[in-house]
Every structure is written in C-alpha cells, then in structure tokens.
Amino acid sequence: QVQLVESGGGLVQAGGSLRLSCAASGRSFLTDVMAWFRQAPGKEREFVVRIRRSDDSTYYADSVKDRFSISRDNVKNTVYLQMNGLKPEDTAVYYCAGHPFVPTSQYNYWGQGTQVTVSS
C-alpha cells in the first residue's frame, strides 16, 4: 500500500515563499507520477503540477508555471513544491497525489493535505 504525507504548509505574506514536501511510502512504481492539487474554500479541487519519475517530465497549470517549481528526490521518494511569489489566491489546502502513470481520471493515492494561507 502507499501512503503520502505532506508537510510544509503555513501562513505567509503575499510575495513570500513556501516549500511543501510529500513523502511517499510503499512501492515506488505505484507513484511514478506524483502531483500537487489544491482546493480553496468553496471551490473545486484543481490541478497544480505533476512530475513523472521515469523521465523527470513536468506539467504545470498556467496559473503557477512562472512561480512554482516541482522536484523529486527518488532516493527519499519525496516530492517538493517550491512556491515563490505567493498570492492571496494561492490560499488553499494543498494535496499530494500519486499514480503509477499519468491518469485519465483520478489519482489512486492521496495525502491528507496541508494548509497554505497567503495574507495580503
């Protein structure tokens, strides 16, 4: 089985930075693709970014591509999300997700989420 544990959320002022981490346990091939999603109050969960272990490819949502950066440490089986230039509209619960490949629908594995709050 796979467990994903996020950390690194918190309160930051607009323009500031945070780095989120997501540690995955279990068989690494089950999380070849790892992604970050976020859900703001009253809104649907939205995709933020994903990274694939097999070729290190990444894909970003337009809203974050110039400010956020995803990376992974395959030895530690951990994914990081560096968030710079944070805006109040980035306030959300951030979820880590994992899947054996790029899914056409839902990711198989999810973390519990970590709150990011950006004050204006």
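Me: Which residues is T91 in contact with, leaving aside its neighbours within four places in sequence?
Reply: A40, Q115, V116, T117 and V118. They are called contacts because they have heavy atoms within 4.5 Å of T91.

Me: What is the basis for these values?
Reply: This is a predicted model: local features need pLDDT of at least 70, side-chain atom pairs count only at pLDDT 80 or more, and totals for chains, interfaces and linings use all residues. Residues are numbered from 1 along each chain as its sequence is written, and side-chain values use heavy atoms, with hydrogens and water left out.

Me: Where is T91 found?
Reply: In the loop between β8 and β9.

Me: Why is N84 called partly exposed?
Reply: Its relative accessibility is 32%. Buried means under 20% relative accessible area and exposed over 50%, with partly exposed in between (1.4 Å probe, protein chains only). So N84 belongs in the middle class. N84, too, lies in the loop between β8 and β9. Beyond four places in sequence, N84 touches G16, S17, R67 and F68. Its side chain makes a polar contact of 2.9 Å with that of Q82.

Me: Is S54 buried or exposed, and how do you know?
Reply: Exposed: its relative accessible area is 56%, so S54 passes the cut-off. S54 is found in the loop between β5 and β6 (58-60).

Me: What makes a set of residues a nonpolar core?
Reply: The members are buried Ala, Val, Leu, Ile, Met, Phe, Trp, Tyr and Cys residues, joined through side-chain atoms within 4.5 Å. The largest such core here has 29 residues; L4, W36, F68, L81, M83 and Y94 touch the most other members. Its largest share, four residues, comes from β3.

Me: What is L81 in contact with, leaving aside its neighbours within four places in sequence?
Reply: Its contacts include L18, L20, W36, V49, F68, I70 and Y94. A second, separate core of five residues includes V33, A35, A97 and Y107.

Key:
Helix = DSSP H or I, 4+ residues; strand = E, 2+ residues; numbered from the N terminus. Polar contact = N/O pair within 3.5 Å; in protein donor to acceptor, adjacent residues only side chain to side chain.
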